[in-house]
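Biologist: Before we look at any feature, could you take me through how such a model is to be read, beginning with the terms?

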Number of protein chains: 2
Amino acid sequence: MSEKIPRTVSKRLVSYYMCLEKLLDEGVEVISSEELARRLDLKASQIRKDLSYFGEFGRRGVGYKVEFLYNRIGEIIGVQKEWKIVLVGAGNIGRAIANYAAMREKGFKILAAFDNDPQKLGTEIAPGILVRDVRELEDFVRENNVEIGIVAVPAEAAQEVAERLEKGGIVGILNFAPVKLKTTVPVENVDITASLRVLTFEIVRRRG
Amino acid sequence: MSEKIPRTVSKRLVSYYMCLEKLLDEGVEVISSEELARRLDLKASQIRKDLSYFGEFGRRGVGYKVEFLYNRIGEIIGVQKEWKIVLVGAGNIGRAIANYAAMREKGFKILAAFDNDPQKLGTEIAPGILVRDVRELEDFVRENNVEIGIVAVPAEAAQEVAERLEKGGIVGILNFAPVKLKTTVPVENVDITASLRVLTFEIVRRRG
DNA sequence: TAGATTGTTAATCGATTAACAATC
DNA sequence: TAGATTGTTAATCGATTAACAATC
């Protein structure tokens, strides 16, 4: 354990966590790396290697206790606490995110939404989530110790929004705008059009 | 050119295409691999290597003609035609996708939406996109030669929907449900909760 | 021509996997 | 104990990068 961790393990660790959540739900108490690999379509040795970066969580000859491993991985990836979030952009995507119940259940709490459309200000984009003036963004983030900003504004506005989030003290950004944000904090991108293009490329490739 | 193409180039090729689109918009006519790399935060040699799998598109001592390269990559990744799409699931995410104007502009045409909620049937989820009964899904896909299915239903229903799409003759799936679909056709996944978890993992990692 | 930049090779780097000793 | 499965090493595989000859 405790070498340099490959960048690729982050995504897999998250997928282990989600799979263990499901197993917990199914009432499975112990699982082997082999069986977990089968479910995730990976190699068992890869799972064991990935876990070994962080410690020893299993029992030889037996496997992994689902609940124990779930909790350990949860600690590693930072699941324990509630994350405070602001949503910037109250358009279609913003509304979809705000109404996405699963997020709240999993510890992601959207404190407020922001937009620059006067028509939308003061309305509720989702139950309990008020739309505020984007000019208040920086102050709100600072005053409420918001940790994550979700950027759901048009591409042209995204970089500026990111900068204001950073100035407010945000520590991570989930970006839905199709631009590469220049920031010092980590950014995860969700780009639907790009995903569709990767998909269609794969389709034409298979056609030969 | 024409060796086996690394799986990682797909995503990059798409990002080259999107960047060239922007350059075209800015009126840039010629670009070097060095400058393109700077914009995409990659190494110039990687871009040249990636392109070399598909042919020779540049001019030594000069660079790449933006429009020419844009068109060539467009051909490679399958941009030329209009892709016919159905959307399954008329909830919040479905509605956001249906109303996402950029998709239509980029050649992704949603022919219809499907849901099992009687309340929604016959309504328009977006201008010109009717909500139909999910029981008609397979026939509709077959009759209209639909190529891509977007799955925006709850996790429990996703696998069944995927199977019906496949039976109808779909050739690719964009999946928003947090499950690993078992299919024979290519699938691209968009999982917002998973993206948030990868982001928060990165945040706690940087905190040390 | 001289300077610039490609296309491609070969070296490096990093990630995956097989194999197996340790051990429950 | 015998059988099973982990944790870890070492081998393999694949992807990135530096370097440079080709050439515009």
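Modeller: Let us begin with secondary structure: helices (H or I, at least four residues) and strands (E, at least two) are DSSP runs, numbered from the N terminus. This is a predicted model, in which local features need pLDDT of at least 70 and side-chain atom pairs count only at pLDDT 80 or more, while totals for chains, interfaces and linings use all residues. Residues are numbered from 1 along each chain as its sequence is written, chains are lettered from A and ligands numbered from 1 in the order in which they are written, and side-chain values use heavy atoms, with hydrogens and water left out.

Biologist: How many salt bridges does the structure hold over all chains, and what is the criterion for a salt bridge?

Modeller: Side chains of opposite charge can pair when their charged atoms come close. The criterion is a side-chain nitrogen of Lys or Arg within 4 Å of a carboxyl oxygen of Asp or Glu, and over all chains the structure holds 28 salt bridges. One of them joins the side chains of E202(A) and R206(A), with an N to O distance of 3.2 Å; these residues lie four apart in helix 9 (residues 192-207) of chain A, and are therefore separated by about one helical turn. In chain B, R206(B) and E202(B) also meet in a salt bridge at 3.2 Å, N to O, and they too are four residues apart, in helix 9 (residues 192-207) of chain B.

Biologist: Which residues of chain A are linked in a network of salt bridges?

Modeller: That network links E26(A), E35(A), R38(A) and R39(A).

Biologist: Is D115(B) buried or exposed, and with which residue does it form a salt bridge?

Modeller: Buried means under 20% relative accessible area, exposed over 50%, and partly exposed in between, with a 1.4 Å probe and protein chains only. D115(B) is buried, with a relative accessible area of 10%, and its salt-bridge partner is K120(B), the closest N and O atoms being 3.9 Å apart. K120(B), at 26% relative accessibility, counts as partly exposed.

Biologist: Why is strand 4 of chain A largely enclosed, and which strands run parallel to it?

Modeller: Six of the eight residues of strand 4 (residues 108-115) of chain A are buried, so the rest of the structure largely encloses this strand. As for pairing, two strands pair if DSSP finds at least two bridges between them. Strand 3 (residues 83-88) of chain A runs parallel to strand 4 and is joined to it by six bridges, with F108(A) of strand 4 as the bridge partner of W83(A). Strand 6 (residues 129-133) of chain A also runs parallel to strand 4, through three bridges, and there R132(A) is the bridge partner of F114(A).

Biologist: How many residues surround DNA strand D, and which helix gives the most to the surface near it?

Modeller: A residue is near a strand if one of its heavy atoms lies within 4 Å of it. DNA strand D is surrounded by 26 residues, the closest being S33(A), R48(A), G58(A), Y64(A) and R59(B). Sugar and phosphate make up 66% of the atoms of DNA strand D that come within 4 Å of the protein. Helix 3 of chain B gives the most to this surface, with four residues.

Biologist: How far is the side chain of R59(B) from a sugar or linking oxygen of DNA strand D?

Modeller: An N or O atom in the side chain of R59(B) is 2.3 Å from such an oxygen of DNA strand D, whereas for R48(B) a side-chain N or O atom is 3.2 Å from a base nitrogen of DNA strand D.

Conventions. A polar contact is a pair of N or O atoms within 3.5 Å; within protein, one must be able to donate a hydrogen and the other to accept it, and residues adjacent in sequence count only if both atoms are side-chain atoms.
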